[in-house]
Amino acid sequence: MSNPVLGILGGGQLGSMLAMAAQKINIKTIIYSNDENAPAQKFCNEFMCGEYSNNNLINKFIKKVDIITFEFENIPYETLNQINKIKPVLPKPSINRIIQHRLAEKDFINKLNIRTTRYISIKKKNEINTCEDFLPGILKTTTLGYDGKGQYKINSIKDLDNINPDFKKEYILEKLVNLKKEISVIITRFGNQKYEIYEPIENVHENQILKYSKIPAEISENIFNKSKNWAIIIAEELKYIGTLCVEFFIDQNENLYVNEIAPRVHNSGHLTIDAYNISQFENHIRAICKLKIIKINKIANAKMINIIGDQILKYKDKKFQSNEFFYDYLKKEIKAKRKMGHLTILKG
Ligand code: ADP
Ligand code: MG
């Protein structure tokens with residue numbers, strides 16, 4: 001059987017890295033994005049630009065591909081569901097529906113007896129007055145947030161005078177965790193009890209945006225094992241196919257919490273491109289295209305640095321050592337807080 005043609009919804013850097021991984025294993029990619037400047041168009045075999053609600057164009061896209069995946073989880077569920085009726089969308093759209101919504105996501109995780117931060121649904125500002133128990137906390141939109149967008153830190157009730165969230169949207173108030181560390185676990189599930197799992201990655205955020213990731217994570221053996229087990233339980237329960245990332249908090253008392261699940265390849269896993277024989281991107285494609293499972297092997301420890309905003313300028317003409325791998329996302333416009341590239345440094 002010849003290799004399937006892979007359709008990818010979304011054209012950001014994750015789309016670029018998926019397309020590059022696909023090319024390496026001879027899988028053709030067609031990317032569909034609503035951004036005419038989508039950087040991933042430089043790395044795929046064919047690029048289509050249109051709104052996700054443009055049924056005509058989406059239908060043309062479906063005809064050209066065999067399997068569809070996505071590089072960001074906020075593509076409307078309806079779009080994914082419609083596509084899935086004609087050609088398989090992996091991971092399944094029903095998984096997205098849970099994970100797109102912070103309340104549904106946390107309810108799902110707690111049902112598995114896995115700890116999350118304490119949380120409560122908030123629909124009106126004055127409801128927060130009776131939620132002192134959840135303060136200090138973070139008010140987050142239930143849908144469509146990323147990199148800390150749509151989030152408000154609330155230390156005490158009187159802070160409410162200084163913030164003005166748009167209550168046309170729904171929110172979740174999460175109790176602030178006294179963070180010691182953040183880690184993530186990336187797992188690629190191929191089928192029932194068949195998966196490849198990467199070791200936990202330690203993550204440092206600045207202004208709610210990931211700044212550094214590194215392996216090995218400096219964590220106890222207990223946290224190392226528990227975080228991997230929880231990621232396996234979540235992937236199995238979702239009957240997930242492809243690469244998934246679970247983000248965790250560790251508090252000052254060594255308690256582990258799931259922060260959120262990303263039903264896709266993840267920024268903290270960029271170091272897998274250079275530090276492992278098979279990256280999170282290639283594994284995602286292998287799983288959704290039903291290719292052979294190759295056991296993953298760590299080649300080296302690594303640190304990944306996200307290059308944000310105009311920091312990219314100083315990297316563009318920098319000379320790199322042989323253990324340094326620079327990725328320029330080739331975004332047309334530099335914006336503050338925008339992820340513009342990354343650098344992975346392999347160690348020993
Ligand atoms: P996003 O969808 O924007 O990634 P997250 O919920 O992961 O949103 O929040 C981004 C970052 O903000 C987290 O990685 C963490 O550093 C910080 N953060 C979010 N929620 C909490 C919390 N309840 N306690 C402590 N820190 C938090
Ligand atoms: Mg996050």
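A residue is called buried when its relative accessible area is under 20%, exposed when over 50%, and partly exposed in between (1.4 Å probe, protein chains only). The model is predicted, so local features need pLDDT of at least 70 and side-chain atom pairs count only at pLDDT 80 or more, while totals for chains, interfaces and linings use all residues. Residues are numbered from 1 along each chain as its sequence is written, ligands are numbered from 1 in the order in which they are written, and side-chain values use heavy atoms, with hydrogens and water left out.

**Exercise 1.** Find which residues coordinate the magnesium ion (ligand 2), and at what range.

*Solution.* Begin with the donors, which are N, O and S atoms within 2.8 Å of the metal (3.2 Å for Na, K and Ca); water is not among the atoms, so sites may look incomplete. Glu247 (OE) and Glu260 (OE) coordinate the ion, at 2.0 to 2.4 Å. Glu247 belongs to strand S13 (residues 242-251) and Glu260 to strand S14 (residues 256-262), so the pair ties together parts that are 13 residues apart in sequence; strands are DSSP runs (E, at least two residues), numbered from the N terminus. Finally, Glu247 is buried at a relative accessible area of 12%, whereas Glu260 is partly exposed at 22%.

Terms used: Helix = DSSP H or I, 4+ residues; strand = E, 2+ residues; numbered from the N terminus.
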